[in-house]
Amino acid sequence: MSTVMVVGAGLMGSGIAQVSAVAGHEVVLRDIDDAALSRGRSSIEASLGKFGQKGALSADDSEAALGRITTTTDLDAVAKADIVVEAVIEKVDLKSELFAELDRLAPQGAILATNTSAIPITRIAAATSRPESVVGTHFFSPVPMMKLCELVRGLKTSDETLSAARAWAEGIGKTCIVVNRDVAGFVTTRIITALVNEAIWLVESGVATAEDVDIACRLGFGHAMGPLATADLTGIDVMRNATLSVYNETANPKFYPPELLTRMTASGDLGRKSGHGFYTYED
């Protein structure tokens, strides 16, 4: 695949664009306005700069990767894409509307991928006339650092689509797992939301502090990062939306967002991106 179009220039979309460009793909990054595109490109430049400072990427390679990324507000640019990766906010109506447009504009044979972390692929694919070409490619934040890509089959995703999506994801440096049934939350979101919800309950009930809950998971279970630090990194609002999405699909009370998660979202304590969540962060 030579041309990748990423729809959504936020944290996830810009990261997907970056790793695709570094791997040698021509990338079109699309968002609804120039301000969002400018923020996305600045984020990519800053991230590439950090890789350069660590000696993981040369200045020439960084410049070449940036040169392979073009930005646009025009969704019609999808007409030249081999794979389209949607990375907009987790709202099923918005994603369905977007995929209906991608179905109309994208060339036949193009892969239509969604970066959703919880919404069933079958539901998104139903907005198109080619559900066999729709697949879940769930990346993890920050995309340039995190090695996992969760590939998710919808009910009608073809073997060819899954195989091509895997080849692309592995080609940009990711290790893939395959989810053969697109239950809400797939594998990783179901595990992390259940863990985070229980960790939050322990904190809001006064059983233990956030720090001690995270220490317990790191030192007791060998986790690289505790669940509450993970929630801060992911985004408290993103975590709440994911838990609520899984709950709405399953009606399983273990996935219902704890009250503290809802209050933190309402107050703007969103984790690393706001400077404060379960922990306080400085620039």
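A: Let's start at Gly-222, which sits just after helix α8 and takes a positive phi of about 75°. Keep in mind that this is a predicted model.

Now step back into the helix itself. α8 covers residues 210-221, so 12 residues, and at 1.5 Å a residue these should span 16 Å. Which residues of α8 are buried? They are Ala-210, Val-213, Asp-214 and Cys-217. Look at the spacing of those numbers with one rule in mind: an α-helix has 3.6 residues a turn, so residues three or four places apart point the same way. What do they pack against? Their partners are α7 (188-204) and α9 (227-234). Turn to the face pointing away from that buried side and you'll find Leu-219 and Gly-220, both exposed.

Next up, the sheet. Eight strands form an open sheet with mixed pairing, and they line up as β3-β2-β1-β4-β5-β6-β7-β8. β3 (69-72) and β8 (175-179) stand at the edges with a single partner strand each, so one side of each has no neighbour in the sheet. From one strand to the next, the twist averages 25°. Zoom in on β2 (residues 26-30): four bridges join β2 to β3, and the two run parallel. Leu-29, for instance, stands opposite Thr-71 in β3.

Helices pack on this sheet too. α1 touches β1 (3-7), β2, β3, β4 (83-86) and β6 (134-139), and its direction makes about 170° with that of β2. Helix α6 (residues 159-171) touches β1, β4, β5 (111-114), β6, β7 (148-153) and β8, with its direction at about 25° to that of β6.

Finally, the inside. The largest nonpolar core has 33 residues, and those touching the most other members are Val-6, Ile-16, Leu-29, Ile-44, Val-85, Phe-139 and Trp-168. Helix α1 (residues 11-22) gives the most to this core, with five residues. To see one member up close, take Val-85: leaving out residues up to four places away in sequence, Val-85 touches Val-4, Met-5, Val-6, Val-7, Ile-16, Ala-113, Thr-137 and Trp-168. Apart from this core lies another, of 22 residues, including Leu-98, Leu-112, Ile-119 and Phe-186.

Key: Residues are numbered from 1 along each chain as its sequence is written. This is a predicted model: local features need pLDDT of at least 70, side-chain atom pairs count only at pLDDT 80 or more; totals for chains, interfaces and linings use all residues. Side-chain values use heavy atoms; hydrogens and water are left out. The expected span of a helix is 1.5 Å times one less than its number of residues. Buried means under 20% relative accessible area, exposed over 50%, partly exposed in between (1.4 Å probe, protein chains only). Contact means heavy atoms within 4.5 Å. A nonpolar core is a set of buried Ala, Val, Leu, Ile, Met, Phe, Trp, Tyr and Cys residues joined through side-chain atoms within 4.5 Å. Two strands pair if DSSP finds at least two bridges between them. Axes are lines fitted to C-alpha atoms, for helices over the stretch in contact, and angles run from 0 to 180 degrees between N-to-C directions.
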